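The structure is shown first, and the description follows.

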Amino acid sequence: MSNVCVEYKTRKLSITALNHVSFSIPNSSYTVGIVGESGSGKTTMGMTMMNAIEPPGRIVEGNVEYNGSDILRMNERELRKFRWREVSMVYQSAMNSLNPVKKISDHIVEVLREHSDMSRSDARARAIELLDEVGIRKNRADDYPHEFSGGMRQRAVIALALALSPKIMIADEPTSALDVVVQKQILSLLRNRVREKNLSLIFITHEISLLCDLVENAIVMYRGEIVETGPIAKLLFDPLHPYTEMLLSTLLTLESKKDNMKLQSAREHYTQNGENYCIYINSCKYAFDRCRKEKPVLREIQKGRAASCHRW
Amino acid sequence: MSSMVVGQITQAGENGINPILEVKDLSVHFNKLRGTLLNRRESIVKAIDNVSFGVNQTESLAIVGESGSGKTTLARCIAGLNLEFSGSIKYRGQEVRRLRGNRLINYHKEVQMIFQDPFESLSPRESVFSIISTPLKLLCGENDKHALHEKVSKLLEEVGLNPTAVMFKLPHELSGGEKQRVSIARALAPNPMLLIADEPITMLDSAQRLNILLLLDRLKAERSLTVIIVTHDLASAKISADRVIIMYLGNIVEVGNAGVVLSKPYHPYTQLVLDSTPKLHLPSASDKVSEERDQGVSTTMDEKLRAGRGCIFNPRCKYATDICLQVSPQLLEQSRLHFAACHNPLNKDMDASVN
C-alpha cells in the first residue's frame, strides 16, 4: 500500500481521512497493530486494504497492491474472490454484524458455498469444525446470534473470518465492546489462531496496551497520517514521536498513580492539516521553530523504526 | 477476626461520617417469558440479588463488574429511575420509594446521573443550551432567560468548555469528549449532592478518558460531591475511587478500600478480572503461567452458569471446594473494612504471616 489518500466529501467540506499513507506487510505471519484516537483514520486504513471505501469516501491517490496485483483496479468479481479468501476482516461491531434471523452455522455455510463448490453437508461439517476451533461447541452451532453472549458472537465472527483460510486478517477493534475477561480470551484466541495458521494480522485499536502481547510491530496514526512505526517493544518504552508519548502517558493501567496524571490538551475539533507545518504542533511540548515552518516526513530514525518528527 | 455482615457496613465506616445513601437487601428481578405461545414459561433473571451497602458523604465509590452483573440496574435504582425493586434505598434516612411531591423533586435535584453513552443520551434535536437549561427550569424553577443563559455558561465553563463556542450547537457537532462534558454539565445543573456516573469513560479515547476522570475528580473536590462511578475498568476505578464494590451476577462479592482490593483481592473473581486487565508490558514467562491458569476457568457469561446452589461463582472458580458447591458464602469482614464473600479467600495466608 503506497502513498494513499482517502477523502470524505460532503457538500460543505471534504475531509482527508488518509494523507499520503504508505505501509507494507513484508512477509506472511507478520503482525502489526494500528493505534490512534478516533478519527485518526485507522478504520479507513483497514477498509482501504480491502478496497471497501464507499461514497462519500473516495480513494483519491495511491495504489494498494497485493502480491503484485492492484486491488484498486479489480472489478467486482475479482474483488469478491480477493476478499475473504486472501484478506478477511473482523469488524468493529461484530456484535451487530451477524444477521439476526440466521443461525450461526449458516453464516459460515453461506460464505463457504459462495466461495467454493462445497456441498451443503460438507460446508456444514466444516462450519462446525471452524466453530469448534474458536471454542463454540457443536450444540450451540445452530443457535441464533441473539442467543449468544457478546464474546461468543465475537468468536463466531472470528471463525467466519477464518473460514476460507485467508493470508491476512484485519481485526478492527474486535474487543472494544467486551468486558476485560472476555477481551483477554478473544485476544489469546486471536494470538493462537495467528500463530497456528501463519496468518498476518492487522489489529486496529485505540488501546495501545492491547498490543503488548499480540503483535510484534506497531503503527501510530494521528489525523490520517502515520507518525511512528516500529517494533512494539521499542515503541512502548522509548517512543520517538511526542504523540506516541502522549498516548502512553494517558494510559490508565493498574500501576498508574493519580498524582502523575496530567490534563492532556487533546484535539477536540477537526481542522484541516496544513501543508507546511507539523500536524501535531498545537499539542506538542517539544515544538520549536522548524516545526512551524516545515512539515516533517516519516523517515527512519533508528534501525527498523521511523517517525515523523524534527527532533531526531 | 470479626465477622460482620455487610448490612452493618455503613456503621463500620469511619466514625463520625454519615452515610448519605443506604441500600439494604435490594433485589431486582426481571421476569422473562420463554417457550412457545402455548407453552409459555416464566423465568426470573435476578439482576440484583440481596445487595446491601452504604455510601458515605463525600466519598467516591466505584461499582465494578462485567456486563450483566447488575451494576447499571443498581445505579438506575439509586437514581430513582427504576422503582421495581424489593428492599430499601434510603437517602439521608428517607425511603426513596416513598418520596412524593416536592420531596421527590428535591431528591432528583440532589441525586443526578451521568449516562454511559453520550452519543445516545443527548437528544439530537436539542441545543446544548436547551439540554442544560431543562433541568434548571424543571427542577429549580428558573425561568428567566438571562439568568438561565448565565447559569448555563457558568456550568459549561466549569466542565472546561467554551460557552460561546458550544452553547447553541447540536450534539452531533461535538466530539465524544465534549458530549460527555455536556452531559456532566447537565447533571451538575441542579446542584446535586450525589452524582452517579454510569461508565462515563467507556465510549471515549484514552486521552479523553483521563481528562473526564480528572474533571470528575476536580468537580468532586470543588463541590464536595459524593460520587458513585459504575465501571468495568479496574484501572480507572483504582485511580478515581476511595472504595470499590465488586459485583458478580447481581451479588456483591467484595467490598473495600480501592487500593487494597485491587492489589490484594480476597475473591477469586476480583483476581480473575485483575489478571485480565491489559497491562503495559511485554510477554514474559509469568504470562504463560497465568494463561495456563486461565484454561480451567470458563469465562463465558451465561445465565446457565449461575449455580443452582452454593457460591454463585463456583462454576467458574478454580479454587472451588466441596463447601462452595453446598453453601453460599456470606459477605464477611475478612480484614478491617475489607469484605469478601468467599469460603477460601485468596491472599489470606499472606495476612497471617504479616500478623
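**Helix α3 of chain A**

In helix α3 (residues 104–115) of chain A, the buried residues are I104(A), S105(A), H107(A), I108(A), V109(A), V111(A) and L112(A). Buried here means under 20% relative accessible area, exposed over 50%, and partly exposed in between, with a 1.4 Å probe and protein chains only. Helices (H or I, at least four residues) and strands (E, at least two) are DSSP runs, numbered from the N terminus. The cover over the buried residues of α3(A) includes α2 (76–85), α4 (120–133) and α5 of chain A.

**Basis of the description**

This is a predicted model, in which local features need pLDDT of at least 70 and side-chain atom pairs count only at pLDDT 80 or more, while totals for chains, interfaces and linings use all residues. Residues are numbered from 1 along each chain as its sequence is written, chains are lettered from A and ligands numbered from 1 in the order in which they are written, and side-chain values use heavy atoms, with hydrogens and water left out.

**Nonpolar cores**

The largest nonpolar core has 65 residues, of which I108(A), L201(A) and F203(A) touch the most other members. Such a core is a set of buried Ala, Val, Leu, Ile, Met, Phe, Trp, Tyr and Cys residues joined through side-chain atoms within 4.5 Å. Helix α5 (residues 150–162) of chain A gives the most to this core, with eight residues. A second, separate core of 39 residues includes L252(A), L148(B), A187(B) and L219(B).

Leaving aside residues up to four places away in sequence, F203(A) touches residues including V32(A), I34(A), P174(A), L187(A) and L214(A). Contact means heavy atoms within 4.5 Å.

**Helix α2 of chain B**

Helix α2 (residues 71–78) of chain B has six of its eight residues buried, so it is largely enclosed by the rest of the structure. These buried residues are K71(B), T73(B), L74(B), A75(B), C77(B) and I78(B). After α2(B) comes G80(B), with a positive phi near 80°.

E333(B) belongs to strand β11 (residues 332–335) of chain B. A polar atom of the E333(B) side chain lies 2.5 Å from the backbone nitrogen of L337(B).

**Chain B overall**

Chain B contains 15 helices and 12 strands, and buried residues make up 55% of its 355 residues.

Terms used: Polar contact = N/O pair within 3.5 Å; in protein donor to acceptor, adjacent residues only side chain to side chain.
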